[in-house]
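This report describes a helix pair and a set of salt bridges. Please look at the model before reading on.

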Amino acid sequence: MDIKKPQNPVYEAVAKQITELIKSGELQQGDKLPSERNLAEKFKVSRSSVREAIKALIHKNLVESKRGDGTYICAHIDADIIEAFTEAFADQKKRLSDIFQFRKVIEPQIAGLAAISIDDETLNRMKIIVCNQEIRIRSGKDTGDLDAEFHLEIAKASGNSIFPDMMEALSKIIKESRSQSLQNTTRKQKSITAHFDLLKAFENHDSALAQKIMRQHIEEIESAATGSDSL
């Protein structure tokens with residue numbers, strides 16, 4: 001079976017690709033899926049992404065896990081279920097796009113204000129956050145909480161009390177664009193590089209540069225998350 005590399009390096013894309021193979025008949029009802037390791041190698045994604053994809057497919061009753069034997073395509077699948085599942089992925093992609101659009105509108109302006117009013121104490125806290133983020137990346141650990149903390153510090157540094165309140169209130173929504181399933185190697189590296197560049201702009205109190213870097217930062221992680229960037 002020749003499984004093509006998905007265009008989106010996230011678990012939704014893996015699940016969608018498997019669903020399309022079922023829909024096309026390339027994967028038959030009752031067939032056993034390749035191992036988690038083999039799927040990860042074929043799709044060029046992490047095993048955790050494959051694991052999450054399989055969980056999503058199990059939840060939708062498209063595949064079933066047999067303890068000690070592997071994962072199988074369910075023997076009786078309604079065509080309407082497959083169609084509905086495919087449409088659900090389209091909705092998720094639209095929501096992710098909306099989140100990034102929101103971030104591109106709001107966060108560059110916040111970064112620009114932060115560059116003007118940031119103090120040394122705040123800047124030092126942000127440096128510690130970014131250094132800890134780099135350590136975790138090298139260890140292959142999740143950095144989503146540190147990323148959120150860094151961006152919240154920027155909002156606080158803006159000097160406007162509304163911005164940090166707004167960022168915290170919207171944290172659950174924005175968290176979707178930072179989920180572990182979207183954290184591929186490209187995205188993590190681009191994120192840490194942008195954070196170091198932002199620190200330099202803040203040190204120099206360069207508002208225009210901070211805005212530019214923040215916008216590019218969000219555009220780059222959007223590309224990495226949605227698959228328009230390569231792994």
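Axes here are lines fitted to C-alpha atoms, for helices over the stretch in contact, and angles run from 0 to 180 degrees between N-to-C directions. Helices (H or I, at least four residues) and strands (E, at least two) are DSSP runs, numbered from the N terminus. The model is predicted: local features need pLDDT of at least 70, side-chain atom pairs count only at pLDDT 80 or more, and totals for chains, interfaces and linings use all residues. Residues are numbered from 1 along each chain as its sequence is written, and side-chain values use heavy atoms, with hydrogens and water left out.

**Helices α6 and α7**

Helix α6 covers residues 144–157 and helix α7 residues 162–169; their axes come within 7 Å and cross at roughly 155°. That makes α6 roughly antiparallel to α7 (angles over 145 degrees count as roughly antiparallel). The crossing is right-handed, the near helix being turned clockwise from the far one by less than a right angle. On the α6 side, Leu152, Ala155 and Lys156 make the contact, and on the α7 side Phe163, Pro164, Met167 and Glu168 do (contact means heavy atoms within 4.5 Å). By class, five of these residues are nonpolar, none is polar and two are charged. Ala, Val, Leu, Ile, Met, Phe, Trp, Tyr, Cys and Pro count as nonpolar, Asp, Glu, Lys and Arg as charged, and the others, Gly among them, as polar.

**Salt bridges**

The structure holds 13 salt bridges, each a side-chain nitrogen of Lys or Arg within 4 Å of a carboxyl oxygen of Asp or Glu. Three of them are tabulated here.

| Pair | Closest N to O |
|---|---|
| Asp69 and Lys32 | 3.7 Å |
| Lys104 and Glu222 | 2.9 Å |

Asp69 and Lys32 form a salt bridge that links distant parts of the chain, 37 residues apart: Asp69 lies in the loop between β1 (63–66) and β2 (70–73), and Lys32 in the loop between α1 (11–24) and α2 (36–43). Asp69 is partly exposed at 34% relative accessible area, and Lys32 is also partly exposed, at 45%. Buried means under 20% relative accessible area, exposed over 50%, and partly exposed in between (1.4 Å probe, protein chains only).

Arg103 and Glu107 are four residues apart in helix α4 (residues 79–117), so about one helical turn separates them. Both Arg103 and Glu107 are buried.

Lys104 and Glu222 form a salt bridge between helix α4 and helix α10 (residues 207–226), 118 residues apart. Both Lys104 and Glu222 are buried. Elsewhere, salt bridges that share partners join Glu36, Arg47 and Arg51 into one network.

Definitions and conventions
Angles under 35 degrees count as roughly parallel, over 145 as roughly antiparallel, 65 to 115 as roughly perpendicular and the rest as oblique.
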